[in-house]
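Biologist: I would like to go through the salt bridges here. Please set each call against its cut-off.

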Amino acid sequence: MATNTNGSGSGIRELAGKRALVTGGSRGIGAAVVRQLLDAGAEVLTTARSATNTVPDGAAFVEADVRTRAGAQALAEAAEKQLGGVDVLVHNAGGAGPHEGALAIPDEQWQDALDLNLLASVRLDALLAPGMRERRSGVIVHVSSAAVPTVAPPFLHYTAAKAALDNYSRGLALELAPFGIRVNTVSPGRTATPGGEATREQWAEVSARMGAEPGPTSADDTAPLGRDGRPDDIADAVLFLMSDRASWLTGSNLVVDGGEFPRG
Ligand SMILES: NC(=O)c1ccc[n+]([C@@H]2O[C@H](COP(=O)([O-])OP(=O)(O)OC[C@H]3O[C@@H](n4cnc5c(N)ncnc54)[C@H](OP(=O)(O)O)[C@@H]3O)[C@@H](O)[C@H]2O)c1
């Protein structure tokens, strides 16, 4: 019987037989999701821009850049070839570099943030959800951010793209619900990953240069629960939404942030 790598798993292989695609599974939150999906019995394909030896053992890997239409197409083709279809789809790859001020964000930087944090999901869903619709079953999770309500430079392009992702995810959930497909969002708070640490360092550095207050995810900020998130905290939420325990959940946004951004 399998146990999850974080030691908290039930040992039930509740996703046995499921074919899963996870973007950005070579480190951080994505790698934890891949590990937990494998522990739950799923067959997993993951992707990143560069091949590394940090992809969890047991997962298939294909190199692709999800920011481009060609990358999404190549990934969908690899999923068809290697898995024969996708039952569970986790859009995890995301992030952005900082900008100086809201009015000084170059077009290319806006486009990059939108491509990675919104359009990558839109394009991949358009390629893979039709197969789910034919089979009248499937689960999609979009990884957004608990920082969306902060709307503060130097990551305004990122939070705007994630806000659009939240909105799109809810609309897609309504459209696909009649076909038995569930679509939900997981919004992590500050989580200890390579990408998260780099973002917080950049946030502090650019805020200092701009003379702005450090953002709510700055290095000295602590969530009410007293620690940063672990990648497995976020993966736990993703796996719950993938499982039949969430069979009556669609169009929801599960905020996993140690209480940093309380919502009503
Ligand atoms: N960590 C946090 O504090 C935090 C907070 C809120 C939201 N989030 C969200 O959670 C998700 C995961 O974040 P993380 O902190 O785990 O990030 P991370 O440590 O930077 O890992 C990102 C993963 O995505 C891959 N990736 C990045 N760009 C890609 C692209 N264009 N095409 C394909 N793969 C790509 C990376 O590999 P390559 O670089 O090799 O491509 C890596 O495997 C993101 O959507 C992020 O916005 C994180």
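**Salt bridges and burial**

Biologist: What makes D87 count as buried?

Modeller: D87 has 11% relative accessibility. Buried means under 20% relative accessible area, exposed over 50%, and partly exposed in between, with a 1.4 Å probe and protein chains only. So D87 counts as buried. The model is predicted: local features need pLDDT of at least 70, side-chain atom pairs count only at pLDDT 80 or more, and totals for chains, interfaces and linings use all residues. Residues are numbered from 1 along each chain as its sequence is written, and side-chain values use heavy atoms, without hydrogens and water.

Biologist: Why is the contact of R19 and D87 called a salt bridge?

Modeller: The definition asks for a side-chain nitrogen of Lys or Arg within 4 Å of a carboxyl oxygen of Asp or Glu. R19 and D87 are at 3.0 Å, N to O, so the pair qualifies.

Biologist: What does that pair tie together?

Modeller: R19 lies in strand β1 (residues 19-23), and D87 in the loop between α2 (69-83) and β4 (88-91), so parts 68 residues apart in sequence are tied together. Helices (H or I, at least four residues) and strands (E, at least two) are DSSP runs, numbered from the N terminus.

Biologist: Is R19 buried or exposed?

Modeller: Buried, with a relative accessible area of 17%.

Biologist: Which residues are linked with R19 in a network of salt bridges?

Modeller: D87 and R135.

Biologist: How do you know that E205 is partly exposed?

Modeller: Its relative accessibility is 44%. E205 forms a salt bridge with R209, at 2.4 Å between the closest N and O atoms.
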